[in-house]
Amino acid sequence: MGLIFCLSGAGPAKVDTVRTGGAKPLKSHVLLAPFMTTKRKPVAFGDLRGWMKALDTAGELRHVEAEVDWNVELGTIARLAQGPGTGPALLFNNIRDYSANSRCHQVFTGGLSSPRRVAMMLGLEPDTHPRELVKLGRTVLNETIAPKIVKTGPVKENVVEGKDVDLYEFPVPQWNRIDGGRYILTYGGVVTKDPDTGVMNVGIYRGMVAAKDKIPILMWRAQHIGHHVTAWQQAGHKEMPIAVAIGWEPSLGFVGGAPVPKGLCEYDVMGAIRGAPVDLVKCETVDLHVPATSEIVIEGYLGLEPDTYMMEGPFAEFTGYVAGDRSPKPTIRVTCITHRTDPILRGTIEGSMPGSFSENGTCSSIMRAAAAWNVLDRAGVPGVTDVWCPPVQTGINVLVQIKQSYRGQAKQVANALWGSSAAHVRYKHVTVVDDDIDIHDYAAVDWAVAHRVNAGENDIVIMPATFGAGLDPSTRRRDRNVAQFGTGKWNRLLIDATVNLDYDPDPDLGGARFPPTVWPAPDDVAAAKARWSELGLDRPKR
Ligand SMILES: Cc1cc2nc3c(=O)[nH]c(=O)nc-3n(C[C@H](O)[C@H](O)[C@H](O)COP(=O)(O)O)c2cc1C
């Protein structure tokens, strides 16, 4: 074990100021009024431990006491336990090679792999319908409560610097057998700073242990961290300061993995979600700030010169496929690790598949739908009544429900979405339905696609060769070369499953364009229901 300094207690005094880019602090409820029908009570859990306590009380957390191998077994259990939004969060307390005397011996995962727990994080009843979570998501990413700088905090209890840094002292899982290595960064908030404005960004980016003090990461130029890389390079720097906060309140992962507008710091948004400022401490070796009650903080410099890159990948990715080829990637040179005593390593198993939805899939189903709805609003598309991205596909497909008032409205929806920067790695397939179709009901959407889509009447539209995700297995390997093209390549698809307003109104149908459905008239339904008991149909099935 390396050199350790002991410090204790978070200093409450405001000792510094920090540029986070937030607007004037807003009270959370102010912007909710137009969208939300459910009231929320923001909760400040304090840290990862406070969040775990809340999960325990709600019966949402399982403690795994039996020994589990960090090498493949832990990840396999996490993936199997996930379920379709129904599995528990997991705390692994007994990990092979990491006894209670190790620097770290616990791993927490799955905190946000269920809509119930996302609702709890947002200060809502656990059984709040995901539709309400999407509506809240529309406002919550634009709200701000500025963070507070404090002198110190629990994350400074242990400080390890220089040659004493050894990432192998942490029980970093080899999450999947096919991964290129042990991934320490799966749900940590990666903090960087714009060199011109000083505004920090916090994003989730994957990172693999390549040596005791080296972490190559997957960094795309189009992401905000990529903007920072470009800016630091253009200013003539060979390295960029970076810090990763691992293990804090759930809003860290939720907001870090969501499309927060550029120039707005994620710490401000986390403050709004929890209804109180985030207490931040300054890093030891870089000029960046991290939550004072983080479990673990990794500080260092990201190499910007290709000759410092190290091999990274592949990784079991959010698509549910292995992706991101093994290749040289920008690498963090770790200068310092600070951590709480007995820190808990927060990680996540990536990749949603049928029957097993990831934390990313669950959060994306809400945030990517909310972001799409806001894009449509800003573009002036009228009549949008609901938006949803089922968690199994992490927002690659988006469902939009509209109340049509003119011809071509579904195409306006698709064009608006595809023209937005939010569509870079999302919204490949857009399906638009009328407001009688519940987009949370797969059977309803399928029925609309079956009977309202006519491929010969322009209901199927392909927008070829647009920007898109570099991790998509359906894209040819050549076109996934982000280094060569700057982005992936997507042929996008609109499925217009609305009733076609280009058809002439039919006088035989009283001016309607489609015939009536077979569902009985309300009076006939009421009459039949009134006899339900007499007919013996209200008895439970044997
Ligand atoms: C678990 C998880 C892992 C992710 N891994 C990566 C990654 O390796 N690289 C990347 O560019 N984005 C990754 N993302 C997506 C980004 O976090 C997301 O696009 C976020 O909006 C980026 O922050 P930014 O908007 O500040 O750029 C991941 C998201 C999650 C939730």
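Helices here are DSSP runs of H or I at least four residues long, strands are DSSP runs of E at least two residues long, and both are numbered from the N terminus. By that rule, Asp446 sits in helix 10, residues 442-452.

Before going on, the ground rules. This is a predicted model, in which local features need pLDDT of at least 70, side-chain atom pairs count only at pLDDT 80 or more, and totals for chains, interfaces and linings use all residues. Residues are numbered from 1 along each chain as its sequence is written, and side-chain values use heavy atoms, with hydrogens and water left out.

Back to Asp446. Is Asp446 buried, partly exposed or exposed? Asp446 counts as partly exposed because its relative accessibility is 40%; buried means under 20%, exposed over 50%, and partly exposed in between, with a 1.4 Å probe and protein chains only. Ala497 is 51 residues away from Asp446 in sequence, and their C-alpha atoms are 9.3 Å apart in space.

Next, polar atoms. One oxygen atom of the ligand is 3.3 Å from a polar side-chain atom of Glu266. For Arg368, a polar side-chain atom is 3.5 Å from an oxygen atom of the ligand. At Leu218 a polar backbone atom lies 3.2 Å from a ligand nitrogen atom. The ligand taken alone exposes 630 Å², and the protein buries 93% of that, by the Shrake-Rupley method with a 1.4 Å probe.

Notes. Polar contact = N/O pair within 3.5 Å; in protein donor to acceptor, adjacent residues only side chain to side chain.
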